[in-house]
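I set out to record what I looked up in this structure, entry by entry.

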Amino acid sequence: MTEHAATGSPTPSATVPTLVAAARGQEVPHTPVWFMRQAGRSLPEYRAVREGNAMLEACRDTDLVTEITLQPVRRHDVDAAIFFSDIVVPLQAVGVDLDIVPGTGPVVPQPFRTRADLDRLPELTPDMVPDISAAIAAVRRELRPDQALIGFAGAPFTLASYLVEGGPSKNHENTKALMHGDPELWNALCERLAAIAGAFLQVQVDAGSDAVQLFDSWVGYLNRRDYQRFVAPHSAAVLAAVEGRVPRIHFGVGTGELLDLMGDAGAEVVGVDYRVDLADALARTGGRHALQGNLDPALLFAPTEPLMARVDEIVAAGRTAPGHIFNLGHGVLPSTDPDVLTRVTARVHEVSAR
């Protein structure tokens with residue numbers, strides 16, 4: 001990988017995490033690799049420490065968050081830890097009544113539908129999340145200098161969808177109805193969510209995160225026109241909160257038609273799900289951004305030979321991008337054999353270092 005034309009960044013010193021260097025388009029000793037949802041139910045050690053702890057409680061327990069975040073790093077020797085949390089944690093921190101229901105996801109008993117509901121979204125300040133800062137600092141101390149710690153936040157559209165729908169939705173009908181029926185209210189809601197998400201990223205960077213990822217899990221349900229009009233400005237506001245401080249990764253599911261717009265919102269790295277080949281993603285983003293991805297999580301259940309062949313193909317395709325971070329095209333499935341992830345990590349390191 002060569003110097004990124006957009007940044008003009010020099011070759012990094014040995015103390016720069018490999019993922020950070022790749023995100024900046026700098027020379028790296030091997031393609032960095034981590035897995036979305038690497039800290040989770042696929043690990044027996046995770047299931048053991050989570051027993052008896054509700055999700056939101058676990059996300060606010062500094063010692064537990066630190067341990068869970070580090071578990072996959074110890075097991076797989078990945079190049080980055082992803083901070084263990086949930087995208088709705090900052091909403092809970094500012095006082096929104098919600099819960100994460102097992103088997104369902106975030107549930108909001110009183111959905112947001114009117115202007116009066118905006119008052120339920122005050123600003124997020126660091127004193128609301130001291131546990132987050134403490135956990136980030138603790139994890140960073142345990143990582144090697146070449147390993148990165150990735151902080152994250154949920155993008156305004158996805159957060160708004162949960163709030164407006166009252167929980168996960170297959171069609172996002174209430175969300176789209178509000179977006180088109182009352183654009184003023186929609187933008188006001190997203191402005192507040194952008195401020196909260198941006199502040200949450202700032203807290204994590206201040207505490208020691210080396211990079212951040214903005215998750216927009218549901219934005220693939222939109223077309224390009226609606227994304228540009230109703231979403232892009234708010235996602236850009238979140239990413240701008242940490243501009244110039246750390247590399248920013250922007251990821252969504254089913255976003256093949258939006259990849260260039262997501263990069264232009266202010267990301268150094270565009271996450272690519274498994275539906276789009278990296279070569280196509282590179283063409284769609286115009287070579288302006290490093291890419292992250294994009295092994296299909298389901299292929300982790302395939303026999304070793306075809307799995308590793310696909311890993312090799314992705315590593316090779318990534319060499320043509322300004323920078324490449326190997327990852328899955330979505331999260332690790334709960335029933336995944338963790339030993340397979342360990343072998344994939346080793347394979348990426350081996351073939352990319354040749």
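Entry 1. I looked up the surroundings of Thr-69 and found that, leaving out residues up to four places away in sequence, Thr-69 touches Ala-81, Ile-82, Phe-83, Phe-84, Val-139 and Leu-149; contact means heavy atoms within 4.5 Å. I note that this is a predicted model, in which local features need pLDDT of at least 70 and side-chain atom pairs count only at pLDDT 80 or more, while totals for chains, interfaces and linings use all residues. Residues are numbered from 1 along each chain as its sequence is written, and side-chain values use heavy atoms, with hydrogens and water left out.

Entry 2. I placed Thr-69 in helix α4 (residues 62-76); helices (H or I, at least four residues) and strands (E, at least two) are DSSP runs, numbered from the N terminus. Is Thr-69 buried or exposed? Thr-69 counts as buried because its relative accessibility is 0%; buried means under 20% relative accessible area, exposed over 50% and partly exposed in between, with a 1.4 Å probe and protein chains only.

Entry 3. I then looked up the polar atoms of this residue. The side chain of Thr-69 reaches the backbone oxygen of Val-65 at 2.7 Å, and a polar atom of that side chain lies 3.0 Å from the backbone nitrogen of Phe-84.

Entry 4. I turned to the aromatic rings, where rings of Phe, Tyr and Trp (its six-membered ring) pair if their centres lie within 6.5 Å; planes under 30 degrees apart count as stacked, over 60 as edge-to-face and the rest as tilted. I recorded six aromatic pairs by this rule. The ring centres of Phe-152 and Phe-215 are 5.4 Å apart and their planes stand at 80°, so this pair is edge-to-face. Phe-152 belongs to strand β4 (residues 148-154) and Phe-215 to strand β5 (residues 211-216), 63 residues apart.

Entry 5. I checked burial for both: Phe-152 counts as buried at 7% relative accessibility, and Phe-215 is buried at 15%. Phe-215 also forms an edge-to-face pair with Phe-251, at 6.3 Å centre to centre and 80° between the planes. Phe-251 lies in strand β6 (residues 248-252) and Phe-215 in strand β5, so the pair ties together parts 36 residues apart in sequence. Which residues do ring pairs link into a cluster? They are Phe-152, Phe-215 and Phe-251.

Note on methods. Polar contact = N/O pair within 3.5 Å; in protein donor to acceptor, adjacent residues only side chain to side chain.
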